[in-house]
Amino acid sequence: MRAVIDFGDFPVFDAAAYPCVVITDKGAPVADHAYRGLTAEPDIELDKIGQTLDRDGQSLPQAGGVQPPSGTAATSALVKRLMALGQPLGAFTGGRMYYGIKTGLNEAFVVDQATRDRLIATDPRSAEVLKPFLRGRDVSRYRIISAGLWLIFTRRGVDISCYPAIEAHLQQYRDDLEPRANKDGDGPGRKPGQYKWYEIQDSVDYYAAFEGPKIVYPEFAPWPEFTFDPSGSYVGNKIYVLGVPVRWLVGILNSGLTALVLASLCSSVHGSTLEHRTIYVERLPIVEPSEPDKRRLEALVDELQALGGVGARAAALEHEVDEIVYRTYGLTAEEVAEIERWHAERRERLGKGKGAEAASDAARDENGADDEEAEQ
């Protein structure tokens, strides 16, 4: 590997694309081989890309994997140090990091309050398989706004004859619910699989994690958007779940420090929107605060969620969260200044072009996409 230049969604070509130029040499690299990495700025001069790479590109060890840098050399060095602290989030949660439910046809399985009430009035047992439901667009930073939707959770092995009202409701969608015979088959139906027409498409053996208190976050967002969910809601496949009821962890995950690390780990779409897939998020370094700081973080998270993370008071509380996190991770004054500088630049970048509101809209659009579109 000689060089990696990431252009994101900058308009390098007329067509919509996310170009990343990779320059390689044939042969195995030596153990200490380093390549040049550059993440292009919006005002980069394409006819001077070689000079820009020489001047601004970072020297990165190939042994640590290959990806474009997320910021300056100082930022990259700080992220590398942070990644060595504590333990990865995946280990901290004991692997309890879950993907939301893929129904294969939300039109059939997701119903509104009126339909839910009608199904239960027709057959009270319907309540056993009707679960409160959240979509990706319903979850944001310290905030959940339910649309009053319900999921018909007919998981693998359910006896549909026990729920005649549910069966009658699903029957109207039967042609579209039948598993297709093969992956490339034409016509209606969901993807091939060992499930019956009335069952949720994918096996969800970890469904109990949805029913207890948990941390949830949308797949696409321009910044960390974690929140604590005590409601027992089931979630769609544009939401991820941490099956650990640890409220102080929400503060760490929404902190400025985590925002910097996530930006270095996650793939981006629409320029400023990050893809918070488990393969990235599970690597976040988690350092446990002191017991007094845990209690204070819990209080701050509770108040921030009561405020919906919005307003001057919320901004002051988030500043206190950052101070606790910086102290917990043992950051120096210079390192704190580097994170604050990075945030200032990111806020400025979000304020240009598409802007912060457009980045958030793009994230909501991604999170609001029907799950069957992603599966078939």
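**Close-up views of a predicted model**

**View 1. Cysteines without a disulfide.** The structure holds zero disulfides. It is a predicted model. A disulfide is a covalent bond between the sulfur atoms of two cysteines. Two cysteines are picked out in this view. Cys-162 has a relative accessibility of 26%, so it counts as partly exposed. Cys-266 has a relative accessible area of 9% and is buried.

View 2. Helix H10 covers residues 256-265. Of its 10 residues, 10 are buried, so the helix is largely enclosed by the rest of the structure. The buried residues of H10 include Gly-256, Thr-258, Ala-259, Leu-262 and Ala-263.

**View 3. The crossing of helices H2 and H10.** Helix H2 is made of residues 73-83. The axes of H2 and H10 come within 10 Å and cross at roughly 105°. Angles of 65 to 115 degrees count as roughly perpendicular, so H2 is roughly perpendicular to H10. On the side of H2, the contact is made by Thr-75, Leu-78, Val-79, Leu-82 and Met-83. On the side of H10, Leu-257, Leu-260, Val-261, Ser-264 and Leu-265 take part. An α-helix has 3.6 residues a turn, so residues three or four places apart point the same way.

View 4. His-343 is found in helix H14, which spans residues 333-350. Its relative accessible area is 16%, and since buried means under 20%, His-343 is buried. Leaving aside residues up to four places away in sequence, His-343 touches Gly-256 and Ala-259. Both Gly-256 and Ala-259 are buried residues of H10.

**View 5. The ring pair of Phe-92 and Trp-248.** The structure holds 10 aromatic pairs. In one of them, the ring centres of Phe-92 and Trp-248 are 5.7 Å apart and the planes stand at 70°, so the pair is edge-to-face. Phe-92 belongs to helix H3 (residues 89-92) and Trp-248 to helix H9 (residues 247-253), so the pair ties together parts that are 156 residues apart in sequence. Phe-92 is buried at 16% relative accessibility, and Trp-248 is buried with a relative accessible area of 6%.

**View 6. The ring pair of Tyr-99 and Tyr-240.** The centres of the rings of Tyr-99 and Tyr-240 are 5.1 Å apart. Their planes are at 75°, so this pair is edge-to-face. Tyr-99 lies in strand E6 (residues 97-99) and Tyr-240 in strand E16 (residues 239-242). The pair links distant parts of the chain, 141 residues apart. Is each tyrosine buried or partly exposed? Tyr-99 has 25% relative accessibility and counts as partly exposed, whereas Tyr-240, with a relative accessible area of 4%, is buried.

**View 7. An aromatic cluster, and a charge over a ring.** Ring pairs join Tyr-98, Phe-153, Tyr-206, Tyr-207, Phe-210 and Tyr-234 into a cluster. A charge and a ring also meet in the structure: the charged end of Arg-116 sits over the ring of Trp-150, 4.2 Å from the ring centre.

**View 8. Gly-189 in a loop.** Gly-189 lies in the loop between helix H7 (174-177) and helix H8 (208-211). With a relative accessible area of 7%, Gly-189 is buried.

Notes:
Residues are numbered from 1 along each chain as its sequence is written. This is a predicted model: local features need pLDDT of at least 70, side-chain atom pairs count only at pLDDT 80 or more; totals for chains, interfaces and linings use all residues. Side-chain values use heavy atoms; hydrogens and water are left out. A disulfide is a pair of cysteine sulfur atoms within 2.5 Å. Buried means under 20% relative accessible area, exposed over 50%, partly exposed in between (1.4 Å probe, protein chains only). Helices (H or I, at least four residues) and strands (E, at least two) are DSSP runs, numbered from the N terminus. Rings of Phe, Tyr and Trp (its six-membered ring) pair if their centres lie within 6.5 Å; planes under 30 degrees apart count as stacked, over 60 as edge-to-face and the rest as tilted. A charge sits over a ring if NZ of Lys or CZ of Arg is within 6 Å of the ring centre and within 35 degrees of the ring normal. Contact means heavy atoms within 4.5 Å. Axes are lines fitted to C-alpha atoms, for helices over the stretch in contact, and angles run from 0 to 180 degrees between N-to-C directions. Angles under 35 degrees count as roughly parallel, over 145 as roughly antiparallel, 65 to 115 as roughly perpendicular and the rest as oblique.
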